[in-house]
Amino acid sequence: MTLKDLADSLFDRLDREAARPVDLSRQEHGEVTRVLHGVVEVEGFHEALSDEVIEFEGGASGLALDLVPGRAGVVLLRDPQGLRPGQGARRTGRVASVPVGAALLGRVVDPFGAPLDDGPPPAATRLAPIEAPAPPIIDRAPVTRPLQTGIKAVDALVPIGRGQRELIVGDRQTGKTAVAVDTILNQVGSDVISVYCAIGQRGDASARVIARLRASGAMDNCVVVVAGGEDPAGLQYVAPYAATAIAESFMRAGRDVLIVYDDLTRHARAYRELSLLLRRPPGREAYPGDIFYLHSRLLERATQLSGKAGGGSLTALPIIETQAQNLSAYIPTNLISITDGQIYLSPLLYRRGQMPAVDVGRSVSRVGGKAQLAAFRAVAGPLKLAYAQFEELESFARFGAKLDEDTRAQLARGRAVREALKQDEGEPIPVAQQIALLLAVSEGLLDDFALSYFEPVSTAVMSAVADLPAAQEIANGLPLDGARKQAFLAAIRDALDEVQDGHA
């Protein structure tokens, strides 16, 4: 290279450097003074922002969560080498953000968008802050459209609307995750995008859920955000907010989104751990005073947007774990007061083989009934009344009292209702077939069948209406009356006659 070429190259480089925008912000540096399990104290920061990303020597990074003049309490998000007192730290001037957009569909990522599925980094073109204010009231609209779960006990008796926040609550190993995952599976083929957020779960538990989503084809329209139990508590803390930011990006684009938080019990425990390490005053059950705000600011971001705001919706299904069926514990009562209802899964029903173990008496949906399909409303009322009467009569009948004919008829109807609400995991049922079975039960057409023979009978009833023109009309929201109801009843009776002939 000649001297002229070298000079030209130097001047070109100087021109490129001059063309770059100059960063006039003052970049503060600090020093690590204390290192605990997942929490670092840094001296020397006077202008640090809440939720600002802090970078340390050696590649570690954290989130500024506790701010006092001259000092910051930083929650570690990544620590590849291990921090020690005396190492340097610097502000980045940016808040914690996550990649958003369609590039994340079908991917498994951590709360900051790093791939966990052995694929390349998502080719997202935009970042969104993980913390964002909830949509204002003026941008919200009433919940008027149903979100079908494919679960008979839920769609008929505890309906969920798009934009609703419905809590799934129950003891350990009662099928909470199964209900949420089945709801995601039921969105295959629909326009609903799903986001599943695993918080503090074991690796094999998250892997099983991801395998189910992939096997059913649901992964093509789904994003999975994972902060495992082996990850730092700080990463578990930010996981649901990052997942919500991803879901909000689709909602703002006018899409309907379903998000599952599995589960917020572990999220609250992670935040309690961080708060105690940051030496915040403990309150009830050692949780900090702002534990209610932790979840309220998260779940308030789920809503139905008005047409002027894009018309999208974000439906939230947070999961919470109880101990010994104690719904009055601190975190469950907080979340029950924040959400629009709860699906309670009873361990007693689970042990009896009633799957899904939805306790109809303790479950409620405060806004979903307004969004429920008209055909469901026609059968749900008599069904719920018959089931409630049956539960009371069944406990009375165990004493061996002599029963009259009407009481025996009510018990037979209640047993049929209970059997009709049973459903295997991973088998969501279309709307029309659910309504056909529930209609047959409410009309008393299944009262005389033996419970041991109920499964083939229910299969025959649901198959009988699958191809009827009225089935699509009902799924589109038309009421179950007149010719549609008669067409359903005729097909059901024909199917039952064939079953009885075959059984004879």
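Leaving aside neighbours within four places in sequence, L213 is in contact (heavy atoms within 4.5 Å) with V181, I184, L185, A218, M219, C222 and V224. The model is a predicted one, in which local features need pLDDT of at least 70 and side-chain atom pairs count only at pLDDT 80 or more, while totals for chains, interfaces and linings use all residues. Residues are numbered from 1 along each chain as its sequence is written, and side-chain values use heavy atoms, with hydrogens and water left out.

In soluble globular proteins, nonpolar side chains tend to be buried together.

C222, one of the contacts of L213, is buried, with a relative accessible area of 1%, and C197 is likewise buried, at 0%. The structure holds zero disulfides, a disulfide being a pair of cysteine sulfur atoms within 2.5 Å. For C197, which is in no disulfide, the nearest cysteine sulfur is that of C222, 11 Å away; for C222, also in no disulfide, the nearest is that of C197, 11 Å away.

Across the protein chain as a whole, the secondary structure comes to 16 helices and 16 strands, where helices (H or I, at least four residues) and strands (E, at least two) are DSSP runs numbered from the N terminus. The C-alpha trace spans about 100 × 55 × 40 Å along its principal axes, and 52% of the 504 residues count as buried. Among contacts between residues at least 6 apart in sequence, 72% join residues at least 24 apart. The accessible surface, computed by the Shrake-Rupley method with a 1.4 Å probe, comes to about 22,800 Å², of which 52% belongs to carbon and sulfur atoms. The chain has 53 positive and 63 negative side chains, with the centres of the two sets 4 Å apart; Lys and Arg count as positive and Asp and Glu as negative, whereas His and the chain ends are not counted. The place of each charge is taken as NZ of Lys, CZ of Arg, CG of Asp or CD of Glu.

Several details of the backbone concern loops. A cis peptide bond with omega of about -5 degrees joins D262 and D263, and D263 lies in the loop between β13 (256-262) and α6 (264-277). The peptide bond from M355 to P356 is cis, with omega near 0 degrees, and P356 is placed in the loop between α9 (347-351) and β16 (364-365). E285, although not a glycine, has a positive phi of about 55 degrees; E285 is located in the loop between α6 and α7 (291-299) and is partly exposed, with a relative accessible area of 42%. Q325, a residue other than glycine, has a positive phi near 60 degrees. Q325 occupies the loop between β14 (313-321) and α8 (330-338) and is partly exposed, with a relative accessible area of 28%.

Notes. Buried means under 20% relative accessible area, exposed over 50%, partly exposed in between (1.4 Å probe, protein chains only).
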